[in-house]
Amino acid sequence: MGTKINKLRQRTPSNGILLTSWLVKSGFSRSEVSQYLKSEWLQRISTGVYQFTGDRPSLYGILASYQKQADLKYNIGAASALELKGFSHYIAMGKPTAVVFAPVRPPLPKWLNEADLDMNLAEVSSKVLGTAGIEQLDYQGQTLTVSSPERAIMECVLLSPARYDLMDVYYLMEMLTSLRASLVQRLLEDCTSVKVKRMFLYMAEKARHRWFAKLDLSRISLGSGTRSFAKGGVKIPAYDIVIPKELADNK
């Protein structure tokens with residue numbers, strides 16, 4: 001038994017977890033799992049969820065484990081995805097929060113919201129952006145599902161101003177000089193939120209990105225009627241949006 005658990009130890013990242021269902025599929029009996037618990041090779045985190053004793057599972061490591069072992073559907077998105085890709089203009093104070101987009105059914109495991117992990121979890125369920133722009137990322141020996149930068153910045157707009165300040169989103173937009181125009185085009189055509197599309201295009205044009213000129217705006221439906229991002233803000237006629245004065249005045 002020692003050799004068997006040692007081999008499992010060698011191929012299990014220290015930031016990840018083990019699910020009973022996966023252990024059984026991998027040839028471990030439930031009695032063996034119970035024995036590993038008694039001998040303190042393993043520790044129970046939640047019902048059917050274990051870690052190796054001494055490991056420190058992280059939120060991202062746990063998500064990667066669920067994806068591998070249980071085919072969990074999710075994508076790390078918005079500013080969290082941009083940070084994983086190296087785009088970040090400020091350091092959050094205190095424990096950071098990871099924004100994770102997941103389907104309504106099945107939701108992410110409930111115990112993740114109650115566990116003491118390295119990051120807080122903000123779970124979002126939205127179909128506004130369709131399915132394009134979701135990628136796989138190698139992360140500390142595991143694979144994460146993340147939003148591409150093209151999708152992530154639109155997710156930031158989607159969650160503004162409730163979760164993100166629009167000035168912070170614009171500073172992120174300024175960094176995104178090499179977005180793929182073809183993917184941006186598809187995301188904008190698939191997007192069902194007029195508000196998101198208008199603000200994204202306003203910010204992209206304001207940042208003077210070269211890829212903006214490659215977009216075919218005639219294929220992007222921008223609806224009608226004014227959309228507001230700020231009470232008492234400044235109206236931008238070209239996109240029929242009302243935005244914070246700070247953003248409008250930013251050169």
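Asp-165 caps the N-terminal end of helix α7, with a side-chain oxygen 2.8 Å from the backbone nitrogen of Met-167. That pair is a polar contact (N or O atoms within 3.5 Å; within protein, one must be able to donate a hydrogen and the other to accept it, and residues adjacent in sequence count only if both atoms are side-chain atoms). The model is predicted: local features need pLDDT of at least 70, side-chain atom pairs count only at pLDDT 80 or more, and totals for chains, interfaces and linings use all residues. Residues are numbered from 1 along each chain as its sequence is written, and side-chain values use heavy atoms, with hydrogens and water left out.

Stay with α7, which spans residues 166-175. Helices (H or I, at least four residues) and strands (E, at least two) are DSSP runs, numbered from the N terminus. The buried residues of α7 are Leu-166, Met-167, Val-169, Tyr-170, Leu-172 and Met-173. Buried means under 20% relative accessible area, exposed over 50%, and partly exposed in between (1.4 Å probe, protein chains only). An α-helix has 3.6 residues a turn, so residues three or four places apart point the same way. The buried residues of α7 pack against α5 (78-84), α6 (149-158), α9 (194-206) and α10 (245-249). Contact here means heavy atoms within 4.5 Å.

Next comes the core. A nonpolar core is a set of buried Ala, Val, Leu, Ile, Met, Phe, Trp, Tyr and Cys residues joined through side-chain atoms within 4.5 Å. The largest one has 51 residues, and Ile-153, Met-199 and Trp-211 have the most contacts inside it. Its largest share, 7 residues, comes from α9. Apart from it lies another core, of 37 residues, among them Tyr-50, Leu-59, Ile-62 and Val-100.

Three strands form an open sheet in the order β1-β3-β2, with antiparallel pairing. The edge strands, β1 (18-19) and β2 (42-46), each pair on one side only. Two strands pair if DSSP finds at least two bridges between them. β1 and β3 (residues 49-52) run antiparallel and are joined by 2 bridges. In β3, Tyr-50 is the bridge partner of Leu-18. Helix α3 (residues 30-38) lies across β2 and β3, at about 105 degrees to β2. Axes are lines fitted to C-alpha atoms, for helices over the stretch in contact, and angles run from 0 to 180 degrees between N-to-C directions.

Thr-20 lies in helix α2 (residues 20-25). Thr-20 is buried, at 10% relative accessible area. Leaving aside neighbours within four places in sequence, Thr-20 contacts Arg-30, Gly-48 and Tyr-50. Arg-56 sits in the loop between β3 and α4 (59-70). Arg-56 is exposed, with a relative accessible area of 73%. Beyond neighbours within four places in sequence, Arg-56 is in contact with Ser-14 and Asn-15. Arg-56 and Ile-17 are 39 residues apart in sequence, yet 9.2 Å apart in space, C-alpha to C-alpha.

Which cysteine sulfur is nearest to that of Cys-156? The sulfur of Cys-191, 13 Å away. A disulfide is a pair of cysteine sulfur atoms within 2.5 Å, so that distance is too far for a bond. The whole structure has 0 disulfides. Cys-156 is buried at 0% relative accessible area, and Cys-191 is buried at 4%.
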